[in-house]
Amino acid sequence: MAINNAAERRAFERRFFLAIAILFPITILIGFGPTYYLKGFFSSPPVARNLIHIHGLVMSAWVVLFFAQVYLIRSTQIKLHQRLGILAIILAAAIVVVGLMTGVAAAKYGSVSTPPGVKPLEFLAVPFFDVFVFGILFAAALYYRRNAANHKRLMLLTVINFIPPAIARFPFGLTAAFGPLWFFGVPDLLALIFVIVDTWRNKKLNKAFLAGTIFLIASHWLRLPFSTTQAWNDFAVWLTSFAV
């Protein structure tokens, strides 16, 4: 009976991660399709800087790599999964560097993605903490690479970390109507549900998963008041001095 339960849990996890690997690119496409991927079909303004294309390339590569890694684990191609892990490290570093450069350039030179009424230097806190949190979560996942349970759950959180920018661009005026409750609240709620369901199914709380979830949620809601402080403004001014 115990063996059957363990097999059932593994099968459920494989289906779950496959579903996330499929929904992740769909979410990104819905959010960024009109202004980037499918902009030729919409009356969207031209891309302001080539740096945005580089940012789009590395982020798209991460979406593809996540799907590939999930597929490889599902098909028990563990060795190839591990080899691609080297590529994931290089790509993760590129995401942090390029993401930070893109955010800094947008804060200094302006961006259509900055919400009305929000100062560019204040909005810089959003992409800055996006890549900062991603870097911490990925580093933790790398640290636990030999602990499959912790590793894959922390990698899941790196995906959830990148959902807010996409769903903030969803149609039907959801962001305008609900603000942070929509683009931060939905991913945070999903992360909490995943932790609860994971604990219920495995009859055990994964502490790394919980800690990562708390860290992610705290980063979402603390960055908003912090972005209006003098300390952040001074830091943002210094950061934008390096914009290219």
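1. Basis. Local features need pLDDT of at least 70 and side-chain atom pairs count only at pLDDT 80 or more, while totals for chains, interfaces and linings use all residues of this predicted model. Numbering starts from 1 along each chain as its sequence is written, and side-chain values use heavy atoms, with hydrogens and water left out.

2. Helix 3. Residues 78-109 form helix 3 (helices are DSSP runs of H or I, at least four residues, numbered from the N terminus). Its 32 residues reach 45 Å from first C-alpha to last, close to the expected 46 Å (1.5 Å times one less than the number of residues). A kink of about 25 degrees is centred on Ile86 (the angle between axes fitted to the seven residues ending there and the seven starting there). Gly110, with a positive phi near 95 degrees, follows helix 3.

3. Asp198. This helix 10 residue counts as buried because its relative accessibility is 12% (buried is under 20% relative accessible area, 1.4 Å probe, protein chains only). The side chains of Asp198 and Arg153 are joined by a polar contact of 2.6 Å (N or O atoms within 3.5 Å; within protein, one must be able to donate a hydrogen and the other to accept it, and residues adjacent in sequence count only if both atoms are side-chain atoms).

Methods
Helix = DSSP H or I, 4+ residues; strand = E, 2+ residues; numbered from the N terminus. Buried < 20%, exposed > 50% of the residue type's maximum accessible area, 1.4 Å probe, protein only.
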